[in-house]
Amino acid sequence: MGTRRVFLIAFAFAALIGVSALAQGPTYGVGRTPTAEEIRALDISIGPTGEELPTGKGTAKEGAQVYRAKGCAGCHGAAGIGGTAPNLKSKDPKNPDVWARGRILPLRAPFATTVWDYINRGMPLNREGTLTADEVYALTAYLLYINDVIPEDQILDAQSLPKVKMPIGDRYASLPDWKPRTPRLKGYPY
Amino acid sequence: MTSCAEWTGVLLSTLLKECGLKGGASWFVAEGTEEVKGASSMPIAKAMDDCIVAYGMNGEAVRPQNGFPLRLMVPGFEGIFHTKWLRRIKVVDRYYMNYNDYGHLHEGEKEKEAALSYQIGPKSVITFPSGGQQLPGKGFYEVSGLAWSGGGAVKLVEVSTDGGRKWNKAEFKGTPQRMAHARFAYQWNWDGNEAELQSRCTDEIGQVQPSRAQIAKFWNKPFDETFSVPGLDNSIQPWRIAKDGSVTNGNA
């Protein structure tokens, strides 16, 4: 059974990297090419370009209603602050240093797609995956609005969401070119 | 905390080649099946080097709490990358900045700290004698501990009994393996005076485990009680032996 699962997983990404359809693996002759629908159903990792985003749309006003209706306020506080779960609004929103405004996902994330992706995959607690695409767009718009990232009337959809300019810009550390079997940081006192 | 198990599986590179991996891929995203479907971006070079999709652990099927039916093993990397209940691997052309990746975010000028995540540095710790234990009196002891490194197999372990002034080569119990605990030992005749035990290891790519003082100097920070090691802490762990044989944390 384990083996069978290996190849289902393996072949799930053949189509994603633009490989022409392989009926079976060339060496071991197992597996099959997944259908576009099978991939779409699994493909919840949304990258910065937003190419995987589903159709749908939402605004901050709609998101404020979803925020109450889906119980977000119960853990994150009535206005995204002061709950038991991580704050969703900065306590120091005017600080010119973006990093000093706090570890607030809809403020510090380098891409708005990261916010959409996490609400979609991980919220609400114990009911993960139950939100519709429209609800996720609306919640993302609401959280970006209360952090002064977008105006209240902006409609977020698959086209507009990846274009949102996050306040952090590119002020975060880039990762080094990592090569296997080399020291992690040259000059570190080994 | 540290642990080490024997894992059995299929090389991720085998699976990727079967899928016709092309040269343009630079990262992959591994995603678990748990509630939040945790996903991490990792370099494709690591996938092609030594990652395995594991179905076995210590000679039996991977247990549910350890990732049944499949767990991605990323040897030498931080624990969070070893994706349990593996659901999907997605090959991409950039760092994907999903939630787990966002959790690794560092400030703009902290690129060196960012470089210290992912691969674990060389680390060793003496497990006997160690904090909270009690030596009954002066005389012969076998000092023993564990060493490991995300850089590969441990090549050398040294033990000091005088707080790091003189280093003595330790012996290995068995052959050190890549990305695995190596048990080491050093024969010590304690004269009953105050002593400070330390161990440091060197791995197969030449990385040497640093002291906290060396790390503080690298970061140009004062080495006092406020100092904490940025990133994963692989510093030397000192144990203080008092005249009455009690063993306490040399960093405290």
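The segment after strand S2 (156-157) of chain A holds A:Arg181; helices (H or I, at least four residues) and strands (E, at least two) are DSSP runs, numbered from the N terminus. Phi of A:Arg181 is near 60°, a positive value in a residue other than glycine. A:Arg181 is partly exposed, with 14 other C-beta atoms within 10 Å. A residue is called buried if 20 or more other C-beta atoms lie within 10 Å of its own, exposed if 12 or fewer, and partly exposed in between, with C-beta atoms placed from the backbone. The model is predicted: local features need pLDDT of at least 70, side-chain atom pairs count only at pLDDT 80 or more, and totals for chains, interfaces and linings use all residues. Residues are numbered from 1 along each chain as its sequence is written, and chains are lettered from A and ligands numbered from 1 in the order in which they are written.

A second residue of chain A has a positive phi. A:Asn126, also not a glycine, has a phi near 70°. Its place is the loop between helix H6 (112-122) and H7 of chain A. A:Asn126 counts as exposed, with 7 C-beta neighbours inside 10 Å. Most residues other than glycine have a negative phi, and most peptide bonds are trans.

Chain A contains seven helices and two strands. From the N terminus on, the order is α-α-β-α-α-α-α-α-β. Of its 190 residues, 34% count as buried. Among contacts in chain A with a separation of 6 or more, 55% come from residues 24 or more positions apart. Two residues are in contact if their C-beta atoms, placed from the backbone, lie within 7 Å.

A:Ala60, A:Gly63, A:Val66 and A:Tyr67 are buried. Seen down the axis of H3(A), these buried residues fall within an arc of 110°, so they line one face of the helix. The arc is that of the directions from the helix axis to the C-beta atoms. An α-helix has 3.6 residues a turn, so residues three or four places apart point the same way. On the other side of H3(A), A:Arg68 and A:Ala69 are exposed. The cover over the buried residues of H3(A) includes strand S1 (57-58), helix H4 (72-76) and helix H7 (133-146) of chain A. Just after H3(A), A:Gly71 takes a positive phi of about 80°.

Chain B has a mean pLDDT of 95, and 100% of its residues reach 70 or more. pLDDT is the predictor's confidence in each residue, from 0 to 100. Chain B is divided into domain 1 (7-105) and domain 2 (123-249), with bounds from an automatic or database domain assignment. The C-alpha centres of the two domains of chain B lie 32 Å apart. Four residues of domain 1 of chain B are in contact with five residues of domain 2 of chain B.

Strand S2 (residues 27-32) of chain B pairs with S3(B) in the antiparallel sense over five bridges. Two strands pair if DSSP finds at least two bridges between them. B:Ala30 has B:Ser40 in S3(B) as its bridge partner. S2(B) and S3(B) form a hairpin with six residues between them. B:Lys37 in the turn has a positive phi of about 50°. Four of the five residues of strand S3 (residues 39-43) of chain B are buried, so this strand is largely enclosed by the rest of the structure.

An open sheet of five strands in chain B has the order S11-S10-S14-S15-S16, with antiparallel pairing. Strand S11 (168-169) and strand S16 (247-249) of chain B stand at the edges, each with a single partner strand, so one side of each is left without a neighbour in the sheet. Strand S10 (residues 154-160) and strand S14 (residues 195-203) of chain B run antiparallel and are joined by six bridges. B:Val154 has B:Asp203 in S14(B) as its bridge partner.

Two cis peptide bonds are described here for chain B. One runs from B:Phe68 to B:Pro69, with omega near 0°. B:Pro69 is found in the loop between strand S5 (60-61) and strand S6 (71-73) of chain B. Another joins B:Phe128 and B:Pro129, with omega about -5°. B:Pro129 lies in the loop between strand S8 (123-128) and strand S9 (139-148) of chain B.

The predictor gives the complex an ipTM of 0.88 and a pTM of 0.89. At the interface, 57 residues of chain B are in contact with 51 residues of chain A.
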